[in-house]
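Here are a few exercises to work through with the model open. Try each one yourself before reading the solution.

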Amino acid sequence: MNCEPCTEHPLVAQTKIVTPEEIIETLSQHFNIKKDKIVGKPRYRHIVEARMIAAYILRKDRYLGLSLKQIGDLLGNRDHSTIMHSLHQIDNLISVMPEMKDKVRGAFMKVYGNLNYFKIGRAHV
C-alpha cells in the first residue's frame with residue numbers, strides 16, 4: 001500500500017551532504033563575515049557568535065561525524081575544550097533566547113536547505 005503525500009505524512013526533504021569547508025563558507029556568507037575572521041582570532045561578539053554556530057552545526061552534522069579536536073582545527077586551531085564550551089553556550093542560548101534559536105535555525109536552513117539536523121538538545125559533546 002503506497003501512501004500519497006499529504007499533511008499527515010509529509011515527504012521528508014533531502015538533506016544536502018556538505019563538506020566542513022562548505023559549511024564554514026556558507027555561514028560566512030549568511031552572517032556576512034569574511035571566512036578568515038570566522039576561523040581567525042577576532043573576538044568581536046558577532047564573529048564569536050558566528051564561530052560558535054559554525055561549531056554547533058559542524059558537530060550536529062551526523063554525516064561528517066567530526067570530533068571536537070577536528071572542529072577546533074577547522075575553526076582556527078582552537079582547543080577541543082573551547083569547542084565544547086561553544087556547544088554548551090549555543091545549547092543554553094537556544095533554550096532561553098528565541099532569537100538565538102531563530103539564528104541557528106536560519107543557519108541550518110542556509111547550509112542544508114531543511115531542518116532535518118536541527119534537533120533541540122545537546123550537540124553530542
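**Exercise 1.** Find which residues of helix 1 are buried, and what they pack against.

*Solution.* Start with burial: Pro20, Ile23, Ile24, Thr26, Leu27 and Ser28 are the buried residues of helix 1, where buried means under 20% relative accessible area, exposed over 50% and partly exposed in between (1.4 Å probe, protein chains only). Helices here are DSSP runs (H or I, at least four residues), numbered from the N terminus. Next, look at the partners: these buried residues pack against helix 2, helix 3, helix 4 and helix 6, with contact meaning heavy atoms within 4.5 Å.

Before going on, note that this is a predicted model, where local features need pLDDT of at least 70, side-chain atom pairs count only at pLDDT 80 or more, and totals for chains, interfaces and linings use all residues. Residues are numbered from 1 along each chain as its sequence is written, and side-chain values use heavy atoms, with hydrogens and water left out.

**Exercise 2.** Work out how helix 3 and helix 6 pack, and through which residues.

*Solution.* First the geometry: helix 3 (residues 45–60) and helix 6 (residues 98–112) pack at about 60°, their axes 11 Å apart. Axes are lines fitted to C-alpha atoms, for helices over the stretch in contact, and angles run from 0 to 180 degrees between N-to-C directions. The two helices are therefore oblique to each other; angles under 35 degrees count as roughly parallel, over 145 as roughly antiparallel, 65 to 115 as roughly perpendicular and the rest as oblique.

Then the residues: Glu49, Ile53, Tyr56, Ile57 and Lys60 in helix 3 meet Met100, Lys103, Val104, Ala107, Phe108, Val111 and Tyr112 in helix 6. Sorted by type, this contact has nine nonpolar residues, no polar and three charged.

**Exercise 3.** Which residues have the most contacts inside the largest nonpolar core?

*Solution.* The core has 31 residues, and Ile23, Ile57, Leu75, Ile90, Val104, Phe108 and Tyr112 have the most contacts inside it. A nonpolar core is a set of buried Ala, Val, Leu, Ile, Met, Phe, Trp, Tyr and Cys residues joined through side-chain atoms within 4.5 Å. Now trace the contributors: helix 1 (20–30), helix 3, helix 4 (68–74), helix 5 (80–96) and helix 6 each give two or more residues. Helix 3 gives the most, with nine.

**Exercise 4.** Is asparagine 32 buried or exposed?

*Solution.* At 72% relative accessibility, asparagine 32 counts as exposed.

Terms used:
Nonpolar A, V, L, I, M, F, W, Y, C, P; charged D, E, K, R; others polar.
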